[in-house]
Amino acid sequence: MTHDLYIGGAWVPGRETRPNINPSDTRDSVGDYAQASAAQAREAIAAAEAAFPAWSLSTPQQRFDVLDAVGTELLARKAELGDLLAREEGKTLPEAIGEVARAGAIFKFFAGEALRPGGELMPSVRPGVGVEITREPVGVVGLITPWNFPIAIPAWKIAPALAHGNAVVFKPADLVPGSAWALADILSRSGLPAGVFNLVMGRGSEVGAVLLEDPRVTAISFTGSVATGQRVAQACVARMAKFQLEMGGKNPFVVLDDADLDVAVNAAVNSGFFSTGQRCTASSRVIVTEGIHDRFVAAVAARIQTLKVDDARKPGTDIGPVVDEKQLAQDLEYIGIGQQEGARLVAGGQAIATNADGAPGFYLQPALFAETTPGMRINTEEIFGPVVSVLRAKNYEEALALANDTPFGLASGIATTSLKHATHFKRHAQAGMVMVNLPTAGVDYHVPFGGRKGSSYGPREQGRYAAEFFTTVKTAYTQA
């Protein structure tokens, strides 16, 4: 089946198609997906521009009805769409179903936000003058999303954009278009006026470039690599467009001597290895104090041996495949670099050519390094795979310093039973999100998401804070 683009309320073929390959079984193609040309990307922008004035003045009830309908269908079809997601991206089936459910909850949340636009009325400092402060949509927004959360991240950009009255041109990751197309199909039947939402699949160098350069696109929300995020920022600054960036992470997880060992191990394994480590919030650096270090490393190594690496959709699979051949090669390269730098490979790190049924795929045994030093590349560069390195620290103070010794600042975690240290860490960890006795890779949909330093730029995503990016503030004065 060929999956077309969605432009101006109609499904249209692209310039060419590209197969969507299952990383659990590379003999399996999920389908063929249209690739937009630069001209088609411009057509989508024109459609959004034409639809924006009416949609920006639509009623809260109209927006609620659309978003609530999308959320309802996502939740009703979470098993079916979760299977699609696991098949195209390699996330295990339970994780994939959970991601679809999260996308449904996001649309439901922003349906409610559409009914709560807010605003302020206050007196002026001048007699007889009233002041009204309101939020208005910014216009046509370009949304560029990554491959690792192919339905949740689109949801947390599309839903607030529409809830606040914007028109959307959506470019999903070229590697995993299936979940994005399924979401677009649902949106196409949700009651949205033609042109309010548009799907343009294709290469970032062509389709993404159009979104960045076209003056009709007033705002860009991007999630992806640091290098691409920097190019997005440069292009937007050049034409004074609003932009929001979520990029890389090298997230630390601190384990103190007083930690509950089972809690610490469970959190570290979940953070570092689940979703094949392909999460921007994954903890790839675990910083462990002297008293618990050896027991912790031994316990994590033992846990790794119990993890089942297999087809993402097979019951009992703990770790699915890496997303594609390029990512697998990158992971293996970093494992080699870690060994060359002198780190001790405690467990895992081997590529697996086939799954248990003999199907070829991009499989990798989760890798655990110990006896690492802060300057090693495996501790400074984002690998984006199931590769975790352990750093030894003398005490809490050194552990905190090591945790903050990174140009990134998305998430940070700690395992401890000390209220004193937990409280201090929450205040002094240089990250946008901090977890205590929890995995770093697990966040709620109704609260802000985002980081500091090189991880993020611009207003937070998700929750009520999404309004900061998708609206602009207007102050109106009235003489009585």
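**Close-up views of a predicted model**

The residues around the second largest pocket divide into 10 nonpolar, 8 polar and 8 charged. That is our starting point for a tour of a model that is predicted. The legends below take the views in turn.

**View 1. The second largest pocket has a volume of about 650 Å³.** Its lining is made up of 26 residues. Several elements take part here: α2 (60-76), α4 (93-114), β7 (129-137), α15 (467-470) and β25 (471-479) each supply at least two residues of the lining. Strand β7 gives the most to the lining of this pocket, with 5 residues.

**View 2. The largest pocket holds about 1,400 Å³ of space.** There are 41 residues in its lining, and Trp 147, Gly 224, Ser 225, Thr 228 and Lys 326 are the closest to its centre. Helix α7, strand β11 (217-223), helix α8 (226-239) and helix α11 (325-340) each bring at least two residues to the lining of the largest pocket. Sorted by class, this lining has 19 nonpolar, 13 polar and 9 charged residues.

**View 3. Helix α1 meets helix α7, one of the elements that line the largest pocket.** The axes of α1 (residues 38-56) and α7 (residues 204-213) come within 8 Å of each other and cross at roughly 35 degrees. The crossing of α1 past α7 is right-handed. On the α1 side, the contact is made by Ala 38, Ala 41, Arg 42 and Ile 45. Facing them from α7 are Glu 206, Val 207, Val 210 and Leu 211. Taken together, the contact has 6 nonpolar and 2 charged residues, with no polar ones.

**View 4. An open sheet is built from 7 strands.** Reading across the sheet, the order is β15-β18-β19-β14-β13-β21-β22, and the pairing is mixed. At the edges you will find β15 (344-347) and β22 (433-436), each of which pairs on one side only. Neighbouring strands of this sheet are turned by 25 degrees against each other on average, direction ignored. Within the sheet, β14 (residues 283-289) and β19 (residues 387-393) run parallel and are joined by 5 bridges. A handy landmark is Arg 285, which stands opposite Ser 389 in β19.

**View 5. Helix α9 lies across strands of the 7-stranded sheet.** This helix, residues 261-273, lies across β13 (251-255), β14, β18 (367-372), β19 and β21 (411-415). Helix α9 runs at about 170 degrees to β13.

**View 6. The largest cavity has a volume of about 90 Å³.** A search of the whole structure finds 3 cavities of 30 Å³ or more. Rolling a probe the size of a water molecule over the atoms shows where empty space is left. The largest cavity is lined by 15 residues, and those nearest its centre are Gly 277, Ala 282, Ser 284, Phe 384 and Gly 385. The lining divides into 5 nonpolar, 7 polar and 3 charged residues.

**View 7. The second largest cavity has a volume of about 60 Å³.** Of the 13 residues that line this cavity, Pro 252, Ala 403, Phe 408, Ala 411 and Gln 430 are the closest to its centre. The elements that give two or more residues to the lining are β13, α13 (396-404), β20 (408-409) and β21. By class, the lining has 6 nonpolar, 6 polar and 1 charged.

**View 8. An open sheet of 3 strands has the order β1-β5-β4.** The pairing in this sheet is mixed. Strands β1 (2-3) and β4 (16-21) stand at the edges with a single partner strand each, so one side of each is left without a neighbour in the sheet. Strand β1 and strand β5 (residues 29-35) run parallel, joined by 2 bridges. To locate this pairing, look for His 3, whose bridge partner in β5 is Tyr 33. Helix α3 (residues 78-89) packs on the sheet and touches β4 and β5. The direction of α3 makes about 85 degrees with that of β5.

Definitions and conventions: Residues are numbered from 1 along each chain as its sequence is written. This is a predicted model: local features need pLDDT of at least 70, side-chain atom pairs count only at pLDDT 80 or more; totals for chains, interfaces and linings use all residues. Side-chain values use heavy atoms; hydrogens and water are left out. Axes are lines fitted to C-alpha atoms, for helices over the stretch in contact, and angles run from 0 to 180 degrees between N-to-C directions. Helices (H or I, at least four residues) and strands (E, at least two) are DSSP runs, numbered from the N terminus. A crossing is left-handed if the near helix is turned anticlockwise from the far one by less than a right angle, and right-handed if clockwise. Contact means heavy atoms within 4.5 Å. Ala, Val, Leu, Ile, Met, Phe, Trp, Tyr, Cys and Pro count as nonpolar, Asp, Glu, Lys and Arg as charged, and the others, Gly among them, as polar. On a 1 Å grid over the protein atoms alone, a cavity is a set of points where a 1.4 Å probe fits but cannot get out, and a pocket is an open set with protein on both sides within 12 Å along at least five of seven lines; lining residues have an atom within 4 Å of a point. Grid points are joined across faces, edges and corners, and a volume is the space filled by probe spheres set on the points. Two strands pair if DSSP finds at least two bridges between them.
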